[in-house]
Structures are given as structure tokens and as C-alpha cells.
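This briefing goes with the sequence and model shown below. Please keep both open while reading.

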Amino acid sequence: MELLDIQNLSVSFDGKTILSDFNLSVVKGDKILIKGKSGIGKSTLFRMIMGFGKHHLGEIFLDKVKVDSDNIWDIRKKVAYVLQDTDIAEGKVSDLVDEVFSFKANKDAYGKEQLERIMSDLFLSPRILNKEYMKLSGGEKQRICLMLALLSGKDIFLLDEVTAELDVTLKQKVVEMFFDNPQWTVLSISHDREWEDKATKVIDFSGKVN
Ligand SMILES: Nc1ncnc2c1ncn2[C@@H]1O[C@H](COP(=O)(O)OP(=O)(O)OP(=O)(O)O)[C@@H](O)[C@H]1O
């Protein structure tokens, strides 16, 4: 059954066509790499799925529900969207973690165990929880954003260049963390070959016909 269905999506900015009659069907559990040269429209696709675009043609369905301004908050609750721009929050890292847990029905010890496991997998020291998020390095912020997405309890992930700032070992680790769970549906925009090696489907925007 299709989880995400994009039908004839067209997007133009200032008279320039970015996406033209773009179609995509995503089934639950798919692991998709989206690649293609800079400025071709990869991030625009994600913004449209998350309902940030106003002037587009075509339709996007998530879980059979058409994405539109009336239900966009329900859509955003289902999808974990992680960006390369990580300057997303103020406060201590622990405050951000508490915020994620506050949205979850299940706040028991499993949450804490899961947090410890994810932090260790991402080579994050427990000390980082007491640090101010905005004072972290680019790679640390990136890993915290990934950790928050992994803790969110969501099972659909849109990942936009999330491994660009990480070393090769961490790139491989992150790909495994997102791609090895058969229940998760993951769309990842990246230039890193680690995603391509494990993806079930590769969409090359450079090869698309406009
Ligand atoms: N809101 C907007 N208004 C005008 N132009 C926009 C807007 N959003 C995106 N664009 C333009 O659309 C094009 C596609 O941008 P997009 O961010 O989707 O590219 P990309 O393929 O993700 O590139 P990169 O790999 O560099 O991140 C770019 O030329 C960009 O300047």
C-alpha cells in the first residue's frame, strides 16, 4: 500500500520551472535516496511534502490523505523532517530531549534506555545534554537533530543532507540507523555514497525530464 503518493507535482519560482509533472509512489518501508546537482529542486520536493509550498500544481497524498492547509499539522506530526540547517533551537540539549519526550505517550524507562543507546551509537557523550545547543559544532548539532528525530516515535523520515558534516564512520552509522529498520519509510537527499549503497531505490533528479 502506498504511504506517500505524489501526482503531477509542478513547482515554479519567478517563472522558472523547478519541478514539472513529478510523480513518486512510496511504499511503507521504502528506503529512498534522492540525488542530483545543486539547485535542481530536491529540497523543494521535501518542502512541498511538508506543506511549506503555496504555489504548486499537483497533489500529494500521505496515508491516503491529501496534503493541504487544513490538515498540514496532522501531516507534520507524522513525519520527522531533518534539515541540513541545524540552527533550529535555543536552550540546553536536555531541554530539547525533554520536549520530544513530552509529546510521547510513553515516557517510561524505555525512553531513557533508547536515548542512551542512540547517543552511544552517534558517539555523543552524556555531557552534551548539559550544553547549550547553539554552542555546539555543526557536526554535533547535526547528530542532536538526528537523535531527536530517532526519539520522536515517528516512522516516516525526510532527511535533507543530514550526513554532510559527519566523518565516514558516522555517515555509515547514521545510514544503518535509519535504513536498517524495516518498519521505517525513509527519503534521504544526499551526495554521500553511503546512502546509495543501502537504498532500495535511487531517484536521480539530474536525469529527470522537465
Ligand atoms: N521560495 C523560493 N523562492 C524562489 N526560489 C526558490 C524558492 N525555494 C527554492 N527556490 C529555488 O529553487 C531551486 C531549487 O532549490 P532547492 O533548494 O530545491 O535545490 P536542491 O536541489 O535541494 O539544491 P542543493 O543540493 O543545493 O540543496 C533553486 O534555484 C532555488 O533558488
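The model is predicted. Its chain contains seven helices and nine strands. A compact globule of 210 residues would have a radius of gyration near 17 Å, and the chain agrees with this at 17 Å.

**Overall fold**

- Taken along the principal axes, the box filled by the C-alpha atoms is roughly 50 × 35 × 35 Å.
- Buried residues make up 28% of the 210 in the chain.
- Among contacts with a separation of 6 or more, 71% join residues 24 or more positions apart.

**The four-stranded sheet**

- Four strands form an open sheet in the order β2-β1-β4-β5, and their pairing is antiparallel. Its edges are β2 (16-27) and β5 (65-66), each of which pairs on one side only.
- Strand β1 (residues 2-13) is joined to β2 by eight bridges in the antiparallel sense. Within this pair, L4 has V26 of β2 as its bridge partner.
- Strands β1 and β4 also run antiparallel, with six bridges between them. Here D5 has F61 of β4 as its bridge partner.
- Strand β4 (residues 56-62) pairs with β5 over two bridges, again in the antiparallel sense. F61 stands opposite K66 in β5.
- In a regular strand, side chains alternate between the two faces of the sheet.

**The shell around the ligand**

- The residues around the ligand are F13, D14, I18, S38, G39, I40, G41, K42, S43 and T44.
- By residue class, the shell holds three nonpolar, five polar and two charged residues.
- Which helix gives the most to this shell? Helix α1 (residues 42-49) does, with three residues.

**The largest nonpolar core**

- The largest nonpolar core consists of 43 residues, and L146, F157 and L159 have the most contacts inside it. Helix α5 (residues 138-151) gives the most to this core, contributing six residues.
- Leaving aside residues up to four places away in sequence, L146 touches V82, L122, V162 and V174.

**Positive phi angles**

- Most residues other than glycine have a negative phi. The residues in this group are D14, K64 and E161, and each has a positive value.
- D14 has a positive phi near 50° in the hairpin of β1 and β2, where two residues lie between the strands. D14 is also one of the residues around the ligand.
- K64 is not a glycine, yet its phi is positive at about 70°. K64 lies in the loop between β4 and β5. Is K64 buried or exposed? K64 counts as exposed because 9 other C-beta atoms lie within 10 Å, and the cut-off for exposed is 12 or fewer.
- E161 is likewise a residue other than glycine, with a positive phi near 55°. E161 sits in the loop between β7 (156-160) and α6 (168-179). E161 is partly exposed, with 18 other C-beta atoms within 10 Å, because this count falls between the cut-off of 12 or fewer for exposed and that of 20 or more for buried.

Note on methods. Residues are numbered from 1 along each chain as its sequence is written. This is a predicted model: local features need pLDDT of at least 70, side-chain atom pairs count only at pLDDT 80 or more; totals for chains, interfaces and linings use all residues. The radius of gyration is taken over C-alpha atoms; the globule rule is 2.2 Å times the number of residues to the power 0.38. Two residues are in contact if their C-beta atoms, placed from the backbone, lie within 7 Å. A residue is near a molecule or strand if its C-beta atom, placed from the backbone, lies within 6 Å of it. Ala, Val, Leu, Ile, Met, Phe, Trp, Tyr, Cys and Pro count as nonpolar, Asp, Glu, Lys and Arg as charged, and the others, Gly among them, as polar. Two strands pair if DSSP finds at least two bridges between them. A nonpolar core is a set of buried Ala, Val, Leu, Ile, Met, Phe, Trp, Tyr and Cys residues joined through C-beta atoms within 7 Å.
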